[in-house]
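Hi,

Here is the structure I promised to pass on to you.

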Amino acid sequence: MSPFPTFEPTVDVSASGARATTDIAVPNAISLDAVTKYYGDTLILDSIDHVVEAGSFVSLIGPSGCGKSTLLRMIADLEPVSGGSVRIGARTPDECRRDHAMSMVFQSPNLVPWRSVRRNVELPLEAMGVSASRRAALADAELAKVGLDGYGDAHPRTLSGGMAQRAAIARALVTDPGIVLMDEPFGALDEILRERLNYELHDLWATTGKTIVFVTHSIAEAVALSTDIVVMGRNPGRIVSHLPVDLPRERGPHLAESERFFQITTEVRRLLALAAGPSGAST
Ligand SMILES: Nc1ncnc2c1ncn2[C@@H]1O[C@H](COP(=O)(O)OP(=O)(O)OP(=O)(O)O)[C@@H](O)[C@H]1O
């Protein structure tokens, strides 16, 4: 017999509360109702139903090409849906984006090279019409939170990859959005830095109560950070499982050595193998 008990709480999305309901008006909850995406004649995402609870940290994981980024971009209002609807509380993604209540972080920091770090972080505040002195104060405060205190006058080319990504995160958080969408934000960084930034991000989430949706290829990263893991399959892209992660809210490197961490990573790996199909294509 296995020394570890079977992992139980996988939610079968075909018959569960993971389905969207139409009456979710909680700010910062994301409701996906039969969300469908075609590129040309190709069905990319097939009728996605899911609710991201307000204040949760949800990781999307699945084989390459299953539509994780596309789904995130539709929530962010960067991509139109072909069918179904996305609601954020009582608002549309478009309303939420225009209110600066939602922001997105990409794998590449995309800092404007000719603006100082501070003036990069100020960009969304400029769009909101915030005064220059207030912009600078807010940007400096946000830079301090991500460990870039004193780097406001620096230029992006002088930052390391990890520092540039912290600046991008400061820019995403400076408007205090209730929802942060992150598409493999640490994917280009080395393992040690990535782990450090992961736990910093987790602390930030734990202290602010924001809703975070995080795309990753790393099972360990998903388990270490999330309150929920959504496993996607492909051809066409769909949700195959939703796993609540019942690890303590307080996270850190010690958790990766726990039995429960091992059980959950094993279960996610099993679900991913099922999602990838017989060819066993990697995530
Ligand atoms: N603008 C586009 N036009 C046509 N097809 C697209 C476009 N963007 C994405 N696709 C296709 O949609 C599918 C899903 O792509 P997407 O990038 O969302 O997947 P993903 O799960 O994020 O992949 P990865 O893990 O490799 O980043 C892929 O087959 C991709 O080729």
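Strand β8 (residues 228–233) pairs with β9 in the antiparallel sense, over six bridges. Strands here are DSSP runs (E, at least two residues), as are helices (H or I, at least four), both numbered from the N terminus, and two strands pair if DSSP finds at least two bridges between them. Across this pair, Met 232 stands opposite Ile 239 in β9, and Ile 229 is opposite Leu 243 in β9.

Before going further, two notes on the source. This is a predicted model, in which local features need pLDDT of at least 70 and side-chain atom pairs count only at pLDDT 80 or more, while totals for chains, interfaces and linings use all residues. Residues are numbered from 1 along each chain as its sequence is written.

Back to the hairpin of β8 and β9: four residues sit between the strands, and Asn 235 takes a positive phi near 55 degrees. The next peptide bond is worth a look too, as the one from Asn 235 to Pro 236 is cis, with omega near -5 degrees. Pro 236 is placed in the loop between β8 and β9.

Both strands belong to an open sheet of six strands with mixed pairing, in the order β5-β6-β7-β3-β8-β9. β5 (102–105) and β9 (238–244) are at the edges with a single partner strand each, so one side of each has no neighbour in the sheet. On average, neighbouring strands of this sheet are turned by 15 degrees against each other, direction ignored. Helix α1 lies across β3 (57–61), β6 (179–183), β7 (211–215) and β8, and runs at about 150 degrees to β7. For that angle, axes are lines fitted to C-alpha atoms (for helices over the stretch in contact), and angles run from 0 to 180 degrees between N-to-C directions; contact means that the C-beta atoms of two residues, placed from the backbone, lie within 7 Å.

There is also an open sheet of three strands, antiparallel, in the order β2-β1-β4. Here β2 (42–52) and β4 (83–88) are the edge strands, each with a single partner, so one side of each is left without a neighbour in the sheet. The twist from one strand to the next averages 20 degrees. Seven bridges join β1 (residues 30–39) to β2, and Tyr 38 stands opposite Leu 43 in β2. Ala 34, in strand β1, has a positive phi near 55 degrees although it is not a glycine.

What surrounds the ligand? The residues are Tyr 39, Ile 44, Gly 62, Ser 64, Gly 65, Cys 66, Gly 67, Lys 68, Ser 69 and Thr 70, counted as near when the C-beta atom, placed from the backbone, lies within 6 Å. Helix α1 (residues 68–75) gives the largest share of this shell, three residues. By class the shell has three nonpolar, six polar and one charged residues, where Ala, Val, Leu, Ile, Met, Phe, Trp, Tyr, Cys and Pro count as nonpolar, Asp, Glu, Lys and Arg as charged, and the others, Gly among them, as polar.

Finally, the chain is divided into domain 1 (30–101 + 179–276) and domain 2 (111–176), with bounds from an automatic or database domain assignment. Their C-alpha centres lie 25 Å apart. Eight residues of domain 1 are in contact with seven residues of domain 2, and the side of domain 1 that touches domain 2 has seven nonpolar, one polar and no charged residues.

Best wishes
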